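Take a look at the chain below. The text after it starts with a single residue and then widens the view.

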Amino acid sequence: MGKFRFVDLSVPIEAVPSEFVVPEIEHEDHMKGANLMKWVFGAEDSDLPDGLGWANDTLKLQTHTGTHLDAPWHYFPTAGGFTTVGRFNTK
């Protein structure tokens, strides 16, 4: 198997001047997760490690939030038939 190189292009999910929709992040702790697990699975506190469930994050954001690459079709429907980035010669 060949060597792989990972390049982290991620950016923080946060409000920026170029975006009109402010991202929302709701952090849900292990206690809230336990309540959900008890409701969904009919579990008791004693069924869960230390009475705690999973933690979760709920994100509300638009497609431009974070790192991405827009296909030409995003900008105009007659973008030379290029509806996806994969149709470009990237070499």
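Leu36 is partly exposed in this predicted model. Its relative accessible area is 38%. That value falls in between the two cut-offs, because buried means under 20% and exposed means over 50%. Leu36 sits in helix α1, which covers residues 30-41.

Leu36 also belongs to a nonpolar surface patch.

Now turn to strand β1. This strand covers residues 24-28, and Glu28 is found in it. Is Glu28 buried or exposed? Glu28 counts as buried, because its relative accessibility is 17% and the cut-off for buried is under 20%.

What does Glu28 touch, leaving aside its neighbours within four places in sequence? Glu28 is in contact with Ala55, Asn56, Asp57 and Thr58. With Thr58 there is a polar contact. It joins the side chain of Glu28 to the side chain of Thr58, at 3.3 Å.

Step back to the whole chain. It has one helix and two strands. Along the sequence they follow the pattern β-α-β. The chain has 91 residues, and 14% of them count as buried. The chain exposes about 8000 Å². Carbon and sulfur atoms supply 60% of that area.

Contacts can also be sorted by distance along the sequence.

Key: Residues numbered from 1 in each chain as written. Predicted model: local features only at pLDDT ≥ 70, side-chain atom pairs only at ≥ 80, totals over all residues. Heavy atoms only, no water. Helix = DSSP H or I, 4+ residues; strand = E, 2+ residues; numbered from the N terminus. Buried < 20%, exposed > 50% of the residue type's maximum accessible area, 1.4 Å probe, protein only. Areas by Shrake-Rupley, 256 points an atom, 1.4 Å probe, with all protein chains shown as cover. Patch = residues over 30% accessible without salt bridge, like charges linked within 9 Å, V, L, I, M, F, W, Y side chains within 5 Å. Salt bridge = Lys/Arg side-chain N within 4 Å of Asp/Glu carboxyl O. Polar contact = N/O pair within 3.5 Å; in protein donor to acceptor, adjacent residues only side chain to side chain. Contact = heavy atoms within 4.5 Å.
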